[in-house]
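Take a first look at the model below. The paragraphs after it walk through its parts one at a time.

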Amino acid sequence: MMEYLKYAGILLGLIIIQKTAVSFIDVTEFKITPDLVIIGLVYVGIKKGKITGSAAGFAAGLILDIFSFSFIGLMALSKTIAGFASGFFNDEQKEERYLNSYIFIIIVSICSVINNTVYYVFYFQGTNLLFVDILIRYVLPTTVYTALFSVIPVIFARRRRFAR
Amino acid sequence: MKILLSYLGNLKEYIIFSALIVISLLLIFQNDNVQIRFVRVIAVNVIGTIQDGFSIIPNIFELERENKSLRETNIDLSKELSMLKEAKLENLRLNQMLEFKQRTNYRVATGKIIGKTLIQTRNNITINIGENDSVKIGMPVITDRGLVGKIVATSGNYSIAQILLNKDLKVSAKDQRSRVDGIIAWDGEGKIRMKNVSKSADVKVGDLLITSEYSNSFPAGIPIGYVTTDNTLDNLFKNIEVECFVNFQTVEEVFVLKFLSEDERRDLEKKYGEKSK
């Protein structure tokens, strides 16, 4: 139970940072920001599996939707799928390896691509933007930016591991 | 059952995932923005295409229900159509009558025929206007097409008129083209004839017949009918058959012309008649 509260706390913290501080570090003319919540979500998915991953994704996405005051449910949908996808990397024997190495960055990238594709494709429905444009302008930049930030927890984890 | 439960147990991750996806989609479709409208259009198109594909498979129960519903609609529409046709025809008739009413120099009262006999030798019509509408005995009854007959009895709200298909009604008439005079009367056997026309008179098939100035009961110039047969009756007179302009089988509304013969003229003619006897 405590473990789940810990994950909830991490996600909540990341949501607050995402909605407050992250907008200060946007890049490109399309105001691309890293998705810190997906990093936390991948962490939960690797640790607890598909069910927890998707449930955490749904809850986190719904909170983000409520904070955004528009298009309720879209973030919940994309984060649910991303959380579920991260659950595929739930393997007790490989867990440490996944979390402490560059593999975590790859998993974050995969989940981020899924999350961003679902989100932006839905978000830009009814506009003249082509799928390729959405991919190049929004999905890939956000993924790369998020992947860069996913290096931070890996470094922390590795330091802790060496400290032990 | 155990196998099924175990199978479902293995799928629980996917079941929960699907449920969360469905909830998310339901939340998404609660929005009303451009994106969702666009997605709705796509969804409607996809569902429409799928339904179109399935529609080639006939659903017997649905067809039966649809058939019943269509039959009911058909009956309703038929009734409505019939009423509309009736209203249209009535409108046409009333329009024609209104036009005539505005055209004529005489004051008229408009009445509806509420009773009719056409198979006797003395045929009459009953009209729904009477003395309360200033209808009096002797007034001519006409339609926009021509002469119908003459009022012979009145009450407060009703009156009876002899029509041209009545042996007792005789009308002074003339050929509009050649001004030849005669008497229009019904023979009681299905024909209206123009009588008292000499063999040498200029009357041709197709000539129009109108009421004459000699008539004491009708104003001159009311159309009566046209000549259909013109042959010799005997050595002195012609046998002229007339087709009336008014169709007595179908006529429904009539005008009563507020016209009465002049008393002075009638008295003079009466006095002279007695004197010559």
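Is Lys31(A) buried or exposed? Lys31(A) is exposed, because 9 other C-beta atoms lie within 10 Å. The scale is simple: a residue is buried if 20 or more other C-beta atoms lie within 10 Å of its own, exposed if 12 or fewer, and partly exposed in between, with C-beta atoms placed from the backbone. This is a predicted model, in which local features need pLDDT of at least 70, side-chain atom pairs count only at pLDDT 80 or more, and totals for chains, interfaces and linings use all residues. Residues are numbered from 1 along each chain as its sequence is written, while chains are lettered from A and ligands numbered from 1 in the order in which they are written.

Stay with Lys31(A). Its place is in the loop between helix 1 and helix 2 of chain A. Helices (H or I, at least four residues) and strands (E, at least two) are DSSP runs, numbered from the N terminus. Lys31(A) has a positive phi of about 55 degrees, although it is not a glycine. Most residues other than glycine have a negative phi. Asn196(B) is another non-glycine residue with a positive phi, of about 60 degrees. Asn196(B) sits in the loop between strand 8 (192–195) and strand 9 (208–211) of chain B. Asn196(B) is partly exposed, with 14 other C-beta atoms within 10 Å.

Thr33(A) lies in the loop between helix 1 and helix 2 of chain A. Thr33(A) counts as partly exposed because it has 18 C-beta neighbours inside 10 Å. Leaving out residues up to four places away in sequence, Thr33(A) touches Val22(A), Ser23(A), Ile25(A) and Asp26(A). Such a contact requires C-beta atoms, placed from the backbone, within 7 Å. Thr33(A) and Thr146(A) are 113 residues apart in sequence, yet their C-alpha atoms are 7.8 Å apart in space.

Now turn to helix 1 of chain A. Its 19 residues should span 27 Å at 1.5 Å a residue, and its end C-alpha atoms are 27 Å apart, which agrees. The expected span is 1.5 Å times one less than the number of residues. The buried residues of helix 1 of chain A are Leu11(A), Leu14(A) and Gln18(A). They cover an arc of only 60 degrees around the axis, so they are on the same side of helix 1 of chain A. That arc is taken from the directions from the helix axis to the C-beta atoms. An α-helix has 3.6 residues a turn, so residues three or four places apart point the same way. The buried residues of helix 1 of chain A pack against helix 2 and helix 3 of chain A. On the other side of helix 1 of chain A, Met2(A), Leu5(A), Lys6(A), Gly9(A) and Thr20(A) are exposed.

What lies inside? The largest nonpolar core has 45 residues. A nonpolar core is a set of buried Ala, Val, Leu, Ile, Met, Phe, Trp, Tyr and Cys residues joined through C-beta atoms within 7 Å. Those with the most contacts inside this core are Ile38(A), Leu41(A), Val42(A), Val108(A) and Cys111(A). The elements that give two or more residues to this core include helix 1 (2–20) and helix 6 (102–123) of chain A, together with helix 2 of chain B. Apart from this core lies another, of 37 residues, among them Ile127(B), Val148(B), Val197(B) and Ile240(B).

The two chains meet. In all, 17 residues of chain B are in contact with 17 residues of chain A. Helix 2 of chain B gives the most to the side of chain B that touches chain A, with 10 residues.

Chain B has five helices and 12 strands. Strand 12 (residues 253–257) of chain B is mostly covered, with four of its five residues buried. Strand 1 (residues 108–116) of chain B runs antiparallel to strand 12 of chain B, and five bridges join them. Two strands pair if DSSP finds at least two bridges between them. Val108(B) has Leu257(B) as its bridge partner in strand 12 of chain B. Strand 3 (residues 140–142) of chain B is also antiparallel to strand 12 of chain B, joined by two bridges. Strand 10 (residues 223–232) of chain B pairs with strand 11 (residues 238–244) of chain B in the antiparallel sense, over seven bridges. Here Asp230(B) stands opposite Ile240(B) in strand 11 of chain B.

Key. Two residues are in contact if their C-beta atoms, placed from the backbone, lie within 7 Å.
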